[in-house]
Amino acid sequence: MRSKEFCLAACLAVGISGACWAEDLQAKQKFSDTEIGFEILGRYSNLTLTVSGPNGINASAHHRTGSPLIDLRKIGTVDDGEYNYQLTASTDDKIPVRTGLDDGRDGGPTTSMLKSVSTSGNFQVKGGTIVKVDPSARETQRQQ
């Protein structure tokens, strides 16, 4: 019975570590007073930046090869509060498509697609401008 438990634990450990191999999008935040942008640290394409905030604020920007940029002033009144962002992109790596559905188009079903990666986070707006928060200060607040 012990060997079955050990095998199950080993399979779970391999499965969990396999999930950790996923590559996140490598980008460095480049926020200004009201602009959200990134320095892209790799080769990516089809980048999309989505931002949501208080009172139903939603914005999205797309760039084919570089960092999309969102200026909060251009979407209207900049409300104070916490905003969330998500940056998604495609890599050059191809991954297999698990479905073999034939949609009737020439060339048959697609057998691979570009791998998708993403990064996300949040930021604060106070007085109509983005406030730079020290990550160590945020961790200290969580522990209190």
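View 1. Ser 45 is buried, its relative accessible area being 18%; buried denotes under 20% relative accessible area, exposed over 50%, and partly exposed the range in between (1.4 Å probe, protein chains only). Ser 45 lies in strand β4, which spans residues 45–53. Strands (E, at least two residues) and helices (H or I, at least four) are DSSP runs numbered from the N terminus. With residues up to four places away in sequence set aside, Ser 45 touches Arg 64, Ala 89 and Ser 90, a contact being heavy atoms within 4.5 Å. This is a predicted model, in which local features need pLDDT of at least 70 and side-chain atom pairs count only at pLDDT 80 or more, while totals for chains, interfaces and linings use all residues. Residues are numbered from 1 along each chain as its sequence is written, and side-chain values use heavy atoms, with hydrogens and water left out.

**View 2. The largest nonpolar core.** A nonpolar core is a set of buried Ala, Val, Leu, Ile, Met, Phe, Trp, Tyr and Cys residues joined through side-chain atoms within 4.5 Å. The largest such core holds 22 residues, of which Ile 36, Leu 49, Val 51, Leu 72, Tyr 83 and Phe 123 touch the most other members. Two or more residues each come from β4, β5 (57–63), β7 (81–96) and β8 (112–126). The largest share, 4 residues, belongs to β7.

**View 3. The contacts of Leu 72.** Apart from neighbours within four places in sequence, Leu 72 is in contact with Thr 34, Ile 36, Val 51, Val 78, Tyr 83, Phe 123, Val 125 and Ile 130.
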